[in-house]
Amino acid sequence: MVHSQSPLWKRITKSFSGQTMMGTLGATVTEVCEGGVEITLPAAPHVCQQHGFIHGGALMAIADTASGYAAYTTVPPDKEVLTVEFKLNFLRPAQGNAVASAQVVRAGKSIIVVSSDVSCDDKIVVTGLGTFAVVEAPTAR
């Protein structure tokens, strides 16, 4: 894990702060390292489905975002990453705080593959694999 004052932490959290979807869900970045990111989503009624479990869409969102930022830790500052493909397997219903942990499997020059798990109460509820394209950073938004 990198220190919260490190350039890598600042780069990831600065970009993350622009993700209004994550803000709406209430998710936060809780760990950053070269090739890995963790995002936590607190249990709350607004992220649950009708049976009281965390909605699959919210789990997908944090898994994809953690994976994208794990990939992002491996690219130079003039590059960004975009999801090309993402697959999830839902293993059990998700109750409690959800923690998405993602690790780079292979970082190439144009494609990065990342694995992820989402856990609730130390039990894996979702596992996934994503592919990310390395793209030029936009000059202005």
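**View 1. Surroundings of Gly36 in the predicted model.** Gly36 touches Glu31, Ala70, Thr73, Ala102 and Gln103, not counting residues up to four places away in sequence. Contact here means heavy atoms within 4.5 Å. Gly36 lies in strand S2. Helices (H or I, at least four residues) and strands (E, at least two) are DSSP runs, numbered from the N terminus. Gly36 is buried, with a relative accessible area of 5%. Buried means under 20% relative accessible area, exposed means over 50%, and partly exposed falls in between (1.4 Å probe, protein chains only). Between Gly36 and Phe16 the C-alpha to C-alpha distance is 14 Å, with 20 residues separating them in sequence.

This is a predicted model, in which local features need pLDDT of at least 70, side-chain atom pairs count only at pLDDT 80 or more, and totals for chains, interfaces and linings use all residues. Residues are numbered from 1 along each chain as its sequence is written, and side-chain values use heavy atoms, with hydrogens and water left out.

**View 2. Surroundings of Leu41.** Leu41 is also placed in strand S2. Its relative accessible area is 0%, so Leu41 is buried. Leaving aside neighbours within four places in sequence, Leu41 is in contact with Leu25, Gly26, Ala27, Val47, Ile54, Ala58, Ile62, Asn97 and Ala98. Gly96 is 55 residues from Leu41 in sequence, yet their C-alpha atoms are 9.1 Å apart.

**View 3. The sheet.** Six strands form an open sheet in the order S1-S2-S4-S5-S6-S3, with antiparallel pairing. Two strands pair if DSSP finds at least two bridges between them. Strand S1 (28–33) and strand S3 (79–90) are the edges, and each pairs on one side only. On average, neighbouring strands are turned by 20° against each other, direction ignored. Axes are lines fitted to C-alpha atoms, for helices over the stretch in contact, and angles run from 0 to 180 degrees between N-to-C directions.

View 4. S4 and S5 pair in the antiparallel sense over nine bridges. Three residues link S4 to S5 in a hairpin. Ala98 has Cys120 in S5 as its bridge partner. Strand S5 (residues 111–120) and strand S6 (residues 123–136) run antiparallel and are joined by 10 bridges. In this pairing, Val113 stands opposite Thr131 in S6. Val118 has Val126 in S6 as its bridge partner. The hairpin of S5 and S6 has two residues between the strands, and Asp121 in the turn has a positive phi of about 50°.

**View 5. Helices packed on the sheet.** Helix H1 (residues 7–16) packs on the sheet and touches S1, strand S2 (36–41) and S3. The direction of H1 makes about 150° with that of S1. Helix H3 (residues 56–72) lies across S2, S3, strand S4 (98–107), S5 and S6. H3 runs at about 140° to S3.

**View 6. The two faces of H1.** Leu8, Trp9, Arg11, Ile12 and Phe16 are buried in H1. Seen down the axis of H1, these buried residues fall within an arc of 165°, so they line one face of the helix. The arc is that of the directions from the helix axis to the C-beta atoms. Cover for the buried residues includes helix H2 (20–25), S1, S2, H3 and S3. The face of H1 turned away from the buried side carries the exposed residues Pro7 and Lys14.
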